[in-house]
Amino acid sequence: TEIYTLSLHDALPIYYSGMLHIGDVATGAQHVVATLPSAAGGWFVVAAGHIYWLDFNKNAGPIRGYDLATHKIQRLGRGEWVFAAPGGRHVYLERSATRLAEMPAGHQAGRTFRVPAGWHLACCQWDGAVAGGVIVYSAGGQGSVPGNSRVAIWSPPDASVRQIGEGYVIDGKYTPPGAHHSLIAWQSATCGSNCPVSITNTATLATLTVRSPLHHGFTEGDGTFSPDGRQLAVFVRRASINSSWPNHSELALINTRTGTLRVVRAAKLLTQEDAGWVLWLPGGRRLLAGALLYSYAVDTRTLAVRPFFFFPGSDHDIMDSPDINFSTVLVPARQARQPRRPQRAQQASR
């Protein structure tokens, strides 16, 4: 599993085969900048010139960070997840379902908070930071969000909890720079196979609801807001999800003000187990999207589509190909410098 950082005035990392790569979106050129532990997992986080990830070797593995300026890899202690605060000035390390560490991006020291009684953190797409705090749930264990869970924003410094809804499966989050509100894209945890996507303002709780024109709902947990928050990229299912056959979806773009949905018909993807990913490029006019099979570069104005791969061979299955995949994130091109010699994680973390 390797990481690639793509660049078109900016860059992005992916994970395959233990190598951290920096790649250029425009040219397809890429180079190795670090050797990672074999158990390092995808779903990277970028904040203030650093890339963070969780080592999946154990249930609560070490959280590691890669400094794009010094090319050093740090070990930040054990945890179950890592995510950045809006603006990326600091990161949160989820030590457990009830303990959260906050530290400035690029530093190892920080404060530890305990979630208020009756609430817990949840792994992966269900959690994260928004304006005013961190998303928490009222019931269930780590990584489990029952349909009757209340959803709230917890402020670690003052321990306040403000409920914003119930029964969310969160697709995406967006916080405008310096704003006191966020947008949360979510689906109901109990509505069945043809769920709409809702977009809620965390300050006013005003909600916009959008249904799929293909009448089979959306994949869960894959929604991604554009850099300005005006669009939400989602995957509309072409048929009801079923474990007995491959599940196919098409990319779609939702206007977050009007609810207008445009289907990108040429971007057809295999989204088995609702697995898909989207990465917006700066400016919001282009994005990259992919799933278990195939990936595309998309012009969001014209809906023009072309295949996008770093390894343009015949095998585009991410399970056995070293190409771009779910772990891709964007980093500024000015930070994507190549070191003289690739760093090894075990050496850099001493």
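The chain exposes about 15000 Å², and carbon and sulfur atoms supply 49% of this area. Accessible areas come from the Shrake-Rupley method with a 1.4 Å probe; for residues, only the protein chains shown count as cover. The structure is a predicted model, in which local features need pLDDT of at least 70, side-chain atom pairs count only at pLDDT 80 or more, and totals for chains, interfaces and linings use all residues. Residues are numbered from 1 along each chain as its sequence is written, and side-chain values use heavy atoms, with hydrogens and water left out.

Confidence was examined next. Among the elements, strand β20 (residues 207–210) has the highest mean pLDDT, 97. The lowest, 34, belongs to strand β1 (residues 2–3). Over residues 1–16 the pLDDT stays under 50. This stretch has 115 contacts beyond four places in sequence in the model; a contact means heavy atoms within 4.5 Å. Residues 345–350 also have a pLDDT below 50, with 9 contacts beyond near neighbours in sequence. Where pLDDT is low, the predicted coordinates should not be read in detail.

The chain has 1 helix and 30 strands. Helices (H or I, at least four residues) and strands (E, at least two) are DSSP runs, numbered from the N terminus. Of the 350 residues, 55% are buried. Buried means under 20% relative accessible area, exposed over 50%, and partly exposed in between (1.4 Å probe, protein chains only). Among contacts with a separation of 6 or more, 42% link residues 24 or more positions apart.

Two strands pair if DSSP finds at least two bridges between them. Strands β18 (residues 183–188) and β19 (residues 197–201) run antiparallel and are joined by 4 bridges. Leu183 stands opposite Asn201 in β19.

A search of the whole structure finds 1 disulfide (a pair of cysteine sulfur atoms within 2.5 Å). It is formed by Cys191 and Cys195, with sulfur atoms 1.8 Å apart. Cys191 is partly exposed, at 39% relative accessible area. Cys195 is buried, at 3%.

How values were computed:
pLDDT = per-residue confidence, 0-100.
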